[in-house]
Every structure is written in structure tokens, then in C-alpha cells.
Amino acid sequence: MADSLAVPATTSRSSEGCSMKGVVEKEAEKKGLQQQQQRCQSWLQSKRRLCASPAMPGSQYCGNHKPSAAQTRVCCPIDPSHTILQEEVAIHSRKCPAVKQLECFEKQTYFAKGINAGETIKEFGASESVQSQNKFLSPGLKRAAVSAMSTADFQDLLRRIEKAFEQSCREVIEISILQPQACSKWLSPDRDRKLPYQEKHALQQASLLGNLESFGLLNTKNGETADDRNASANTGNKSNFAVVELGAGRGYLSHMLCDCYNVQNVVMVERRSYKFKADRTLRQLKGIALERLRIDIEDLNLQEVQSLQGCNFIAVSKHLCGPATDLSLRCCIHGADSELSNGTPNNEGCRGGPGNPVLDGLGIATCCHHLCQWSSYINKQFFHNLGFSIEDFHAITWLTSWALSGTEEHGLTESGALVEASDLPVDHRHAVAYVSSKPRLSEAMNAIDATARAVLGRKCKRLIDTGRLQWLTEHGMQAKLVEYIAASVSPENRLLLARWANVMQ
């Protein structure tokens with residue numbers, strides 16, 4: 001009898017437990033919903049989440065995001081990544097966190113404001129309307145200018161682009177997709193699962209490093225360069241060779257470089273802060289000297305970086321966006337502008353004084369040509385010689401976006417609605433709704449089919465990179481452009497390689 005009565009008692013306790021568990025879950029869900037409702041409901045597009053600040057009493061928004069018809073929000077003049085009330089600009093400019101950060105940058109010995117910025121846009125007969133514009137022209141402003149062109153002017157621009165391409169881009173780009181033996185442990189199915197890994201990035205990094213090795217800038221022996229001219233500087237001393245990664249991001253290119261080529265001196269340059277960086281893993285590797293410089297490449301004087309003193313170095317970058325490539329070329333080839341003006345280009349000025357860093361070569365995977373700016377472009381004379389004006393240059397940079405987007409980014413879709421993509425590379429793009437105030441493209445542009453647009457965009461990209469190649473050649477370097485990865489892996493697949501011509505093997 002006791003056993004028969006125990007069954008319903010157990011069942012009763014089980015039912016009560018399930019009931020209590022359900023009550024607890026509902027209470028937790030209700031509490032979470034209440035907390036969410038108490039948070040500011042302003043959506044932060046850059047962070048892809050709601051504002052984390054608490055909402056003001058009786059409002060859905062915090063004090064920073066409370067909408068008001070009588071108040072206007074503007075970009076912060078110091079850090080445009082956030083907005084402020086227009087009437088609070090003066091007060092905010094004194095207490096903005098970016099002010100302290102900028103002050104910290106300016107105290108560094110390697111900080112030199114605008115040292116790599118390039119010349120002003122007053123050259124080559126720039127019109128007053130162009131000179132009065134902001135230094136940085138957004139893709140939206142470029143699009144508006146191109147959209148405002150008449151059919152005749154647009155057709156004339158296309159003819160001149162075709163002529164310039166035939167005149168200056170005759171060489172076929174070499175396809176050099178490599179998987180070096182040194183990087184095999186990163187590409188093997190039996191790789192260390194603790195390594196950060198995404199196949200498309202690992203393939204690009206391995207091929208980029210393989211091209212540096214093939215070009216004579218890297219080998220597997222202690223990370224030394226392959227030049228005989230460096231033998232005296234590098235004999236048995238690994239610290240005399242360094243790698244500078246520009247636009248390093250999280251630093252996973254340097255991670256593979258140190259792991260596969262035994263490089264022991266690395267300097268990463270990146271103006272943003274990132275989570276989940278490779279730095280912690282690299283610092284755990286025995287013998288690695290790692291320095292991360294949080295600074296804009298435009299303001300970086302590599303000759304003053306203490307960890308590079310007395311070192312031969314190479315500069316590398318994977319997907320260095322738009323004008324950052326031009327800034328980096330100036331940064332690496334320090335003082336070359338004055339040499340060129342004297343008509344005697346050479347690499348002696350880039351060696352610096354006794355004990356200063358010496359550039360051996362560079363490998364930069366370019367991207368985001370639509371962000372390039374006339375003010376920072378490295379070879380303005382190249383486009384001037386081809387008969388292009390400053391307005392033409394900005395139109396060409398905007399047309400480069402057609403190489404990746406076809407009709408979906410800049411033209412009418414099948415439904416007749418216009419859409420756009422962000423300024424990020426294609427593997428990071430997210431479609432966003434079209435803003436009604438954005439100018440429509442002209443009939444002449446919409447008449448071009450997707451294939452023709454893609455071809456035109458690639459030609460415009462090639463023109464911009466050819467100007468960079470020519471500039472490097474004029475400064476005593478042997479340079480080439482290669483296709484280092486398949487377009488199916490990344491459509492931004494061009495790699496700029498350069499080293500001093502007078503020491504080529």
C-alpha cells in the first residue's frame with residue numbers, strides 16, 4: 001500500500017517542480033523585456049544594436065538620443081563617428097574623448113601631422129568649385145557629380161577612359177595564386193584548431209606571403225630578406241629584420257607571418273581599436289617583439305619608430321582601403337618626393353641616416369578604389385598626362401565600384417527600386433535601403449548592362465593602380481601588379497609588389 005501511494009506523491013512533486021521552473025522562466029523573460037524597454041530605443045547602425053544607456057523617465061530615449069524638432073544633430077568635428085547637438089559643439093569639443101586620444105597621439109615621437117597626406121588640390125588648374133569642397137569627397141558626393149553629367153560628357157569620359165587604358169595598361173596582369181610550403185600548417189585539414197581560421201582569409205594571407213617570398217622579400221630562414229645586400233646586417237641576428245603591417249586590423253596576417261616565417265620583430269599600424277586581436281597569441285610566442293601603433297598612417301613617421309631603428313623592414317598589408325594605399329607608399333618611401341623633384345630618383349633617401357629603418361620592399365593588396373581622393377593620390381601627374389581633370393579623377397574612382405556591384409549597387413533592380421551598398425569590401429557589405437534624396441543615374445549609365453559596367457569598373461581600378469606602379473618605378477623600385485587570389489574568394493584580388501630595382505637578383 002505504501003509503495004502504491006508513493007507514485008502519485010512523486011508525480012505531484014515533479015509537477016510542482018515543472019510548474020515552478022515555468023514560473024521562473026516567465027519571470028526572467030518578463031524582467032528581461034522590462035529591462036529592454038527601459039533602455040534607450042535608438043538604433044546604432046555602426047554597432048548594429050540599440051543604445052545601452054537607460055531611457056529618460058517618460059521617454060523611449062536617453063538624453064543623447066532624445067529627438068527634438070527644434071534641435072539639430074551634427075557630426076562631432078573631432079570624431080565624425082558620433083553626432084552631437086549643434087548648439088553643444090563648442091562645449092563637446094573640449095570634453096570629447098577623442099580629444100584626449102588625439103593629445104596622446106601627438107605626444108608620440110613618430111607622430112607628424114599630415115606628413116604623408118600629399119599635396120593640395122590646387123595643382124593642374126583645379127576649378128574654384130573643386131577647391132572649395134571638403135578634402136574628403138564621399139562616394140555619395142562623387143555619385144551626385146557623375147549623375148549630373150550630360151549624356152555627351154559621360155560618353156566622352158568613357159572614350160577617354162578606354163583610350164587611357166589602351167595607352168597605359170598594355171601588360172597582362174600575372175596570375176600568381178600561391179600556397180607556400182611554409183604556410184601549409186595553416187591550410188592543412190589537420191591544422192591546430194586553436195588557430196583563428198576562416199578559409200577565405202587563410203588562402204589570401206598564404207598567397208600574399210607566398211608572393212612576397214617569390215618576389216625575394218621573405219624566406220623561411222629567420223624571416224630574413226633574400227637580398228645579398230642585407231647579409232651583413234642580418235647575419236645571425238633576427239632582430240635586424242622587421243615587418244610593418246599597415247592597416248593591421250586584428251593582426252592575423254602578422255600572426256601567420258610570424259608563425260610560418262619565423263619573423264621576430266613586428267610593428268602593426270592601425271588607427272582603430274579592435275577586439276579579439278591576434279596580439280595576445282603573438283606575445284605568447286617565444287622571442288616575438290611586437291608593437292602596435294594606434295595612429296593614422298597619414299601622420300606616421302616610420303623613421304622615428306624606436307623598435308625599427310637599425311632594422312631592414314618590409315611593409316605588408318591585406319586590403320588597404322582606398323587612399324590608405326597612397327598614404328602608405330609615402331610613409332614607406334620617406335623623402336622620395338624631394339628626390340623626384342631633383343630628377344634623380346633613387347632609394348638612398350629612403351634609407352635614412354645611420355641606424356634609421358631601411359625599406360627593403362612592400363606588398364600591398366589594394367581595395368576600395370572608390371574611396372580614393374585626389375588630395376592624397378600618389379601620382380597626380382599620371383592622370384594629368386592622360387588628359388584627366390580632378391573632376392574626371394573623382395568620377396573614375398566612383399566608377400570603380402561597378403567592378404564589384406554590377407547593376408545591384410548603383411542602378412535599377414528588376415523591381416525598379418534603387419539600392420546601395422556600404423563602403424566596405426564586398427565580403428563585408430550589407431545592403432541598405434535607398435535614400436530618396438540620392439540622385440538617380442542618368443539614362444546613359446542605366447543603359448550600360450551589368451557585364452559592361454563590371455569591365456569598365458575593373459579598367460578604372462587598373463588605371464589607379466597603374467599610376468601607383470609608375471610612381472614606384474620613378475622612385476627606383478621594380479614594381480608589379482599580380483592577381484594573388486581567385487575572384488571567387490575575394491573580388492579585391494590585386495597585389496602591389498615592389499622592391500629596389502638596383503638590387504634585383
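## Ile485 and its surroundings

Leaving aside neighbours within four places in sequence, Ile485 is in contact with Ile177, Leu203, Gln204, Ser207, Ser490 and Asn493, where contact means heavy atoms within 4.5 Å. This is a predicted model, in which local features need pLDDT of at least 70 and side-chain atom pairs count only at pLDDT 80 or more, while totals for chains, interfaces and linings use all residues. Residues are numbered from 1 along each chain as its sequence is written, and side-chain values use heavy atoms, with hydrogens and water left out.

Ile485 is placed in the loop between β13 (477–483) and β14 (494–500). Helices (H or I, at least four residues) and strands (E, at least two) are DSSP runs, numbered from the N terminus. With a relative accessible area of 4%, Ile485 is buried; buried means under 20% relative accessible area, exposed over 50%, and partly exposed in between (1.4 Å probe, protein chains only). The C-alpha atoms of Ile485 and Gln204 are separated by 6.2 Å, although these residues stand 281 residues apart along the chain.

## The chain as a whole

The protein chain contains 18 helices and 14 strands. Of its 505 residues, 44% count as buried. Among contacts between residues at least 6 apart in sequence, 68% join residues at least 24 apart.

## The eight-stranded sheet

Eight strands form an open sheet with mixed pairing, in the order β5-β13-β14-β10-β9-β6-β7-β8. Its edge strands are β5 (174–175) and β8 (289–293), each of which pairs on one side only. Two strands pair if DSSP finds at least two bridges between them.

Strand β14 pairs in the antiparallel sense with β13 over seven bridges, and with β10 (residues 358–367), also in the antiparallel sense, over five bridges. Ala479 stands opposite Ala498 in β14, and Ala365 stands opposite Leu495 in β14. Six of the seven residues of β14 are buried, so this strand is largely enclosed by the rest of the structure. Elsewhere in the sheet, β6 and β9 run parallel and are joined by five bridges; Val243 has Ile314 in β9 as its bridge partner. In general, side chains in a regular strand alternate between the two faces of the sheet.

## Helices against the sheet and each other

Helix α18 (residues 450–474) lies across β10, β13 and β14, and runs at about 155° to β13. Axes are lines fitted to C-alpha atoms, for helices over the stretch in contact, and angles run from 0 to 180 degrees between N-to-C directions.

The axes of α6 (residues 151–168) and α15 (residues 390–399) come within 12 Å and cross at roughly 80°. That makes α6 roughly perpendicular to α15, a term covering angles of 65 to 115 degrees. Phe154, Leu157, Arg160 and Ile161 in α6 meet Asp392, Ala395, Ile396 and Leu399 in α15. The residues of this contact divide into six nonpolar, no polar and two charged. Here Ala, Val, Leu, Ile, Met, Phe, Trp, Tyr, Cys and Pro count as nonpolar, Asp, Glu, Lys and Arg as charged, and the others, Gly among them, as polar.

## A mostly covered helix

Helix α10 (residues 252–261) is mostly covered, with eight of its ten residues buried. The buried residues are Leu253, Ser254, His255, Met256, Leu257, Cys258, Cys260 and Tyr261. Their cover includes α7 (184–187), α8 (199–214), β6 (241–246), β7 (265–269), α11 (279–284) and β9 (312–321). Just after α10, Asn262 takes a positive phi of about 60°.

Note on methods
Angles under 35 degrees count as roughly parallel, over 145 as roughly antiparallel, 65 to 115 as roughly perpendicular and the rest as oblique.
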